[in-house]
Amino acid sequence: MKTTYTLTVRTGNRLFAGTDGDISVILRGELGETAAHVLDRPLHDDLRAGAVDVFEIHDEDVGELVAVRVRNTPTLLKDDWLLDYLVVSCGGVEHRFPLHGWIKGAQEVELLEASASLPQRVRAPERLRARQENVAHKRARYRWGAPAIEGLGQLEVSEAHPLPEEEAYRGLVDRSYHVTFAETMSKLQLARPVLLHAWNGLERLQDLLTFVGVPAVAERWRDDREFARHTLQGVSPQCITQARALPEGFAVSDDALRGLLDPGVDLARALATGRVYLLDLPILEGLPMFRHDDGERVRERWAPPVRALFYRGDDGHLRPVAIQLERRPDAPVFTPNDAENDWLAAKLFTRCAEGNVHQVLSHAINTHFCMEPFVVALMRNLPVQHPVYKLMRRHCKYTLAINQGARVTLLAPNGVFDEFMSCGGPEMGHMKLALRSWAQWRFEHLRLPDDLRRRGVDDVSALPYYPYRDDALPLWRALGAYVRNTLAHFYATDQDLVDDYEMQAFWSDLITHGVPVERMPYRTLSRLEDLYDLLQTMIFTVTVSHSAVNNLQFEHYAWVPNAPLGMHRPPPATKGVVTDEDLREMLPDLEQTMGQIAIARALSTFGSDEEFLLPAQAWSRMYFYEPGPLAAQREFFSALRALVDEIAQRNKSRPVPYEILRPDRVPCSITI
């Protein structure tokens, strides 16, 4: 029996998104499939960027629709087309087929009907076959590669198996990392001729930054309170721990701390009452640092395994009171009571060491690379109708592409880390640091409440001022509620999860090829509580955690003395010897300063297509269409709007506002 199908087609609203090619469709239903129909209306300029076009086709009734095959046949040149979605209406029933991706010239793609469902609830054989074909198609394109770090799975990207098209990174018009880096370097080059023969990294930096903007920290970077504040709301706010005793070999006396604690408080009492906090970086001990001998000169850099002691004063704020740069028994302990240059040098080396750990451990391993195997397993095993796929897809955007780019440009020999960081160089210290970091990694460390308790910084009465904790915890709870409220419409009992063979395939693939099960808090995925924990932690990591360690990089690193990534002189071995000239020689030279500024700016710049946890109106891509999940999304947005107001209120009393975890400034995924 013949029937009429009405097709509503939305073309993406980006440069070159439209097409002049012949777009044809075949509707696939439970009873068969239609002939191919070209989408063309006489005298209409169809399928332009941002347009919504409506077409009618007449063909046999193929029953309940399962999929649509779309083919792009170029008329002249290879003409790619960006399709957002296609809606097919027939007899008052609508079927949605979203893509939000490119269909290249001479390419055919199959779009599955978008209704969310668990596999065990699907009865129609044609629908089950379509799901299985979708998974098989993705498994052929998302392959496990040989891991760069043993036990940490990654996507295979090679000439034979290129990055899947739907993972492709933003283009030139969308402010990619490479575009921003090149743009920044070109601006900085304008100042280079003037500064080249009179460079002083402590005095002339503002002249250089005039062309790209001067970060606010430039006005206060020497201040001890700013140094302490950085550990609580800077680019690496997840390293500070409470200390109930001093580490072995860290000889700090009350005499050395004279006048640095509050009246009536000595070090023993401060430790006993939980008022002492420690930044401790033993992971750097014995790590090979940059050393290059070209036959004419030897260039070296240092990032020592520092430990810095902080005291929480009666005013509720931390202040630094002691720093030991090396672990030797005779290594001096520097305090604010020492000579000004000694204390400043100690802080410079601390920030350099912390910066090297931040870039490799806090940033690369604990957000970018630890999440990659979860993304790969998800893409390989869940069809587009699975509710977990629909929940997680927006939180995977660009992650695989940006990680592959990092392996090529940041981590490779002669890459960015080699050029600018102390732990770079021929001996690949940064990769050894990554191996050490991964050896310590456990999934539960990514859970915010567990991490805060483990570090002893969860008690607000002991540490009243900790903006990262105070802004991140409400987001953690909101994400947990969002995950539960969304999936409650599909899973009723633990048995539903056990019977979900697609999720069980995801788990088996993950622990076989992605992450050893010993690194996970559960050996099987058989309880809904564990599923909710898994997904909440994943979303938190790629949104809140990544924002906390990434989005302040320009503010923190662009004023290079605030956090030099490479120190060019060894740490002072005795007190009273650091001169003004020594301080200048310790810092990066002009070329490396320019590079650090450009990298920091590129890694802190959002693309024009960035999507945030709390959008201005709605997320650009819809994955769920069912009333229940849509209601959960509305509740989530409502909670986030309240958090924006709460953060604004807290910032009124903060010495330096902390804006980085405002939900309307937290990207939905790792995109830079």
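Trainee: Which residues of helix α9 (residues 399–409) are buried?

Mentor: Two terms come first. Helices (H or I, at least four residues) and strands (E, at least two) are DSSP runs, numbered from the N terminus. A residue is buried at under 20% relative accessible area, exposed at over 50%, and partly exposed in between, with a 1.4 Å probe and protein chains only. In α9, the buried residues are T399, L400, A401, I402, N403, A406 and R407. This is a predicted model, in which local features need pLDDT of at least 70, side-chain atom pairs count only at pLDDT 80 or more, and totals for chains, interfaces and linings use all residues. Residues are numbered from 1 along each chain as its sequence is written, and side-chain values use heavy atoms, with hydrogens and water left out.

Trainee: What do the buried residues of α9 pack against?

Mentor: Packing is read from contacts, that is, heavy atoms within 4.5 Å. The buried residues of α9 pack against α7.

Trainee: How should the length and the buried residues of α1 be read?

Mentor: The expected span of a helix is 1.5 Å times one less than its number of residues. Helix α1 (residues 125–141) has 17 residues and should therefore span 24 Å; its end C-alpha atoms lie 25 Å apart, which agrees. As for orientation, an α-helix has 3.6 residues a turn, so residues three or four places apart point the same way. The buried residues of α1 are E126, R127, A130, R131, N134, V135 and K138.

Trainee: Is D530 buried or exposed?

Mentor: D530 counts as buried because its relative accessibility is 9%. It lies in helix α16 (residues 528–550). Leaving aside residues up to four places away in sequence, D530 touches Y522, T524 and L525.

Trainee: Turning to strands, in what order do they form the open sheet?

Mentor: Two strands pair if DSSP finds at least two bridges between them. Here five strands form an open sheet in the order β10-β11-β14-β15-β16, with antiparallel pairing. Its edge strands, β10 (241–242) and β16 (333–334), each pair on one side only.

Trainee: How many bridges join β14 to strand β15 (residues 318–324)?

Mentor: Six bridges join these antiparallel strands, and in β15 the bridge partner of A308 is I323. The hairpin of β14 and β15 has five residues between the strands, and G316 in it takes a positive phi near 90 degrees. With β11, strand β14 pairs in the antiparallel sense over five bridges. Across that pairing, D280 has R307 of β14 as its bridge partner, and V276 stands opposite Y311.

Trainee: Which way do the residues of β14 point?

Mentor: R307, L309 and Y311 point one way, whereas A308, F310 and R312 point the other way. Strand β14 (residues 307–312) is mostly covered, with six of its six residues buried.

Trainee: How many cavities does a search of the whole structure find?

Mentor: On a 1 Å grid over the protein atoms alone, a cavity is a set of points where a 1.4 Å probe fits but cannot get out; a pocket is an open set with protein on both sides within 12 Å along at least five of seven lines; lining residues have an atom within 4 Å of a point. Grid points are joined across faces, edges and corners, and a volume is the space filled by probe spheres set on the points. The search finds three cavities of 30 Å³ or more. The largest cavity holds about 90 Å³, and its lining is W221, E226, F227, H230, L344, K347, L348, R351, P561 and N562. Helix α7 gives the largest share of this lining, four residues.

Trainee: What lines the second largest cavity?

Mentor: R225, A228, R229, L232, H317, L318 and Y465 line it, around about 40 Å³ of space. Its largest share, four residues, comes from α5.

Trainee: Which residues are closest to the centre of the second largest pocket?

Mentor: This pocket holds about 660 Å³ of space. Of its 26 lining residues, Q238, L361, N366, D451 and R454 are closest to the centre. Helix α7 supplies the largest share of the lining, five residues.
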